[in-house]
Amino acid sequence: ENEETLCQGCGVNIQTTDKTQPGFVPASALKNDIIICQRCFRLKHYNEVHDVPYTDADFLEMIGRISQTKGLILKIVDVFDFNGSFIKSLHRLTGNNPILLVANKVDLLPKSTNINKLKHWMKKSAADLGLVVQDVYLVSANSGRGFDEVKKAIEAYRKGQDVYVVGATNVGKSTFINRLIDETSGTKDAITTSYFPGTTLGFIEIPLDDKTALYDTPGVINRGQITHYLSNEDIKQITPNKEIKPRVYQLQPGQTLYIGGLARFDFVKGEKQSFVCYFANSIEIHRTKLENAESLYEKHLGGLLTPPNEASLDQFPALQEKSFKISGNKTDIVFPGLGWITLSGESVTISASSPYEVPVSKRDALI
Ligand code: GDP
């Protein structure tokens, strides 16, 4: 009999022929009791991140089956990268199943963040992207914040049925599931240590009770995620690992800020004023004159203006510029996966540049 073997970490089909493809293990590892693919092995033991070339389309094919079954869908996004970590075509495949939006990594936001406003923005943004969600929960899979509420909601909405957890890579889906299972059943590290036979289609099945299970689906890589274009080192540097400290810049019109070499903010027109930057504390922000900004970038990208570092320069896309006229309300200019800059609401014209396919957006200020 030729049964498929699935990775106990991520659920991908195990194969022994191609090192560069998902699911690779050396043939000698097949005799182990627990088989995990090379990627999961590295994640577990060295905390390395490796891209798995799942595309949106592969994922959708896999997940299409959810629309034919009944169950609750938990969609996990990264609070810091709402647009980048949002799987856009999900709504076509979820059938009539209820969806809860879980925004993870809330521990990174400054304490002064208006949580209700953030929830509201997320619910509305999801709807704008075609996905109607029952409710939004802000959690930290690291600290456990928000878990009591989300656990209650899961029980209430699943009505005795299965739970499907979906999300883009790196949103913290595994950490979330591990904590959820630990808090509900006392099982530690449910995902990487689980013995539960995987189902078809790359889902990992974790029993919730005699009849129902939680399914972990493979993480999708979105081209709108800035991490898609960066090396592991760069990703480390741009990912906040503790609460973000706001940095305030007094700017004159005609001045530019570079966020490392990943994004650019030009103050084009308006009165001198302050701009508040919310990015990982480890990203350097450089101030320069607008008229010199272009040549600075050409000369110093990958050097002074880093990340991207030298090694990931050739996979890093050109910056694309968008112009905004703001007046009246305090507004955030959002750089997906990086952070945001808050404008006071005085009349200004600014332009903001971000890597191609990782577009900048604006929203009412959260702080
Ligand atoms: P997955 O790819 O979606 O399964 O994500 P992981 O669970 O592997 O987590 C990805 C990264 O995000 C890891 O570096 C985690 O430590 C980090 N992470 C996960 N949850 C949280 C959280 O609640 N807060 C913070 N600050 N980081 C988190």
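Predicted model: local features only at pLDDT ≥ 70, side-chain atom pairs only at ≥ 80, totals over all residues.
Biologist: Let's start with K105. How do you know whether K105 is buried or exposed?

Modeller: Count neighbours. K105 has 25 other C-beta atoms within 10 Å, and the cut-off for buried is 20 or more, so K105 counts as buried. This lysine sits in the loop between β2 and α3, and its phi is positive, about 75°, although K105 is not a glycine.

Biologist: And what makes K159 buried or exposed?

Modeller: Here the count is 10 C-beta neighbours inside 10 Å. Exposed means 12 or fewer, so K159 is exposed. K159 also has a positive phi without being a glycine, near 45°, and its loop runs between α4 (147-158) and β4.

Biologist: Why is helix α8 said to lie largely in the open?

Modeller: Because of the eleven residues in α8 (residues 290-300), the number buried is one. Just after α8 comes G302, with a positive phi of about 90°.

Biologist: What about β1, is that strand mostly covered or mostly open?

Modeller: Mostly covered: eight of its eight residues are buried.

Biologist: How do you know which strands β1 pairs with?

Modeller: Look at the bridges. Two strands pair if there are at least two bridges between them. β1 and β4 have six, in the parallel sense, and β1 and β2 also have six, again parallel. So both pairs meet the cut-off. For landmarks, L72 stands opposite V163 in β4, while L74 stands opposite L100 in β2.

Biologist: What makes up the largest nonpolar core?

Modeller: That core has 48 residues, and those with the most contacts inside it are L74, V79, L101, V102, A103 and V165. Elements giving two or more residues to this core include β1 (71-78), β2 (99-104), α3 (115-128) and β4 (162-167). Apart from it lies another core, of 32 residues, with F265, Y278, L301 and F335 among them.

Biologist: Which residues does A103 touch?

Modeller: Leaving out residues up to four places away in sequence, A103 touches V77, V79, M122, V136, Y137 and L138. A contact needs C-beta atoms within 7 Å, so each of those partners lies inside that limit.

Biologist: What is the shell around the ligand made of?

Modeller: By class, three nonpolar, ten polar and three charged residues. Of the 16 residues around the ligand, N142, G172, K173, S174 and T175 come nearest. The largest share of the shell, three residues, comes from α5.

Biologist: Last one: which peptide bond has omega near -5°?

Modeller: The bond from T306 to P307, and it is cis. P307 and P308 are joined by a cis peptide bond too, with omega about 5°. P307 is in the loop between α8 and β12 (319-326), and P308 is in the loop between α8 and β12 as well.

How values were computed: Residues numbered from 1 in each chain as written. Helix = DSSP H or I, 4+ residues; strand = E, 2+ residues; numbered from the N terminus. Core = buried A, V, L, I, M, F, W, Y, C linked by C-beta atoms within 7 Å. Contact = placed C-beta atoms within 7 Å. Near = placed C-beta within 6 Å. Nonpolar A, V, L, I, M, F, W, Y, C, P; charged D, E, K, R; others polar.
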